[in-house]
Amino acid sequence: MGEHEVKRMTKSVVSPAEIMQFMTHNSLLLYKKKGSRAPLDRITVYQNTENNNPYRKGAVFVSPTKDDLVEGKGYVVTSYETLGEKYQQLSHWTPNTYRGGTYYDFKKRIIKGHKRENLKQINVIGFDIDTKEVDLYGLYLGCEELKLPRPNLLLETPRGYQCFFVLETPFYVHSQNDYKSLRVAERLSDNIRKALCKYVPIDLNCVPFGFYRIPKEDNILDFYEEMANTNLLLSWSKTFEEQEKRKFFENVWSKQVSD
């Protein structure tokens, strides 16, 4: 990665469990519904608060290994307590929250419900860099030149890297208007990846709101705690699309003139 190599985050700064809670906007329960190790009085106070909360908490999906994930095996997790206890034994998770989840086959742990229409909220825009032969400084330079915010999380993977923008205001997904908020989020994700691929080799074909590597002490390279302003990102996306259309018509015009 050259002289501009991104330094690995020190363990004392923030824990992976805290990062996951930050990424998901507290959209899971704080404690397990059964078998919690938290003090009973604290659980009671929390449950009473949640009973008066008009917004239901959601779930994320996790998987122990890449091979398990390929086979559709994993677990449905509804609390940060469980994530904090289990993340060391997991390889992948969904940082975007779903309304809930279940199993096609409980004994074989074949998970069900991680489809786009079941998303509760989109918390992050993530993307893959499927190579280690890259100067990561180019990623941060690209964000600066494109007037994008600084990425909030950079993870190292066995074959490359994964990068995330954590949205200050999540996209809340509803079936009204044919999942309009989901389609807007997908366009934003596409535009960010298209823009940044000029600086680093981003995988443009990965599912934008699917599974990603779970943060751990040994794979976190960089963490930045100021969330990306969602409205500013949407304004940036609109401007980017207008510029891309202008470039397209300019190319068509210049080709017609040269012909």
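**Helix α1 and the overall fold**

The buried residues of α1 are covered by several elements, including α4 (80-86), β3 (92-93), β7 (119-129), β8 (153-156), β9 (161-172) and β11 (220-223). The model described here is predicted. Helix α1 itself spans residues 16-23. Its buried residues are Pro16, Ile19, Met20, Phe22 and Met23. These residues cover an arc of only 160° around the axis, so they sit on the same side of α1. Among the elements that cover them are a helix, α4, and several strands, such as β7 and β9.

Most residues other than glycine have a negative phi. Asparagine 26 is placed in the loop between α1 and α2 (40-51). Its relative accessibility is 40%, so asparagine 26 counts as partly exposed.

Tyrosine 179 has a positive phi too, near 55°, and is likewise a residue other than glycine. This tyrosine lies in the loop between β9 and α6 (180-196). With a relative accessible area of 21%, tyrosine 179 is partly exposed. The cut-off for buried is under 20%.

Aspartate 68 belongs to helix α3, which runs over residues 66-70. Its relative accessibility is 15%, and therefore aspartate 68 counts as buried. Neighbours within four places in sequence were set aside. On that basis, aspartate 68 is in contact with Ser63, Lys73 and Arg109.

The protein as a whole was then considered. Its secondary structure comes to 7 helices and 11 strands. Of its 259 residues, 46% count as buried. A compact globule with 259 residues would have a radius of gyration near 18 Å; the protein has 20 Å, which agrees. Along the principal axes, the C-alpha atoms fill a box of roughly 75 × 45 × 35 Å.

The accessible surface comes to about 14,700 Å². Carbon and sulfur atoms account for 50% of that surface. The protein carries 38 positive and 34 negative charges.

Note on methods:
Residues are numbered from 1 along each chain as its sequence is written. This is a predicted model: local features need pLDDT of at least 70, side-chain atom pairs count only at pLDDT 80 or more; totals for chains, interfaces and linings use all residues. Side-chain values use heavy atoms; hydrogens and water are left out. Helices (H or I, at least four residues) and strands (E, at least two) are DSSP runs, numbered from the N terminus. The radius of gyration is taken over C-alpha atoms; the globule rule is 2.2 Å times the number of residues to the power 0.38. Buried means under 20% relative accessible area, exposed over 50%, partly exposed in between (1.4 Å probe, protein chains only). Accessible areas come from the Shrake-Rupley method with a 1.4 Å probe; for residues, only the protein chains shown count as cover. Lys and Arg count as positive and Asp and Glu as negative; His and the chain ends are not counted. The place of a charge is taken as NZ of Lys, CZ of Arg, CG of Asp or CD of Glu. The arc is that of the directions from the helix axis to the C-beta atoms. Contact means heavy atoms within 4.5 Å.
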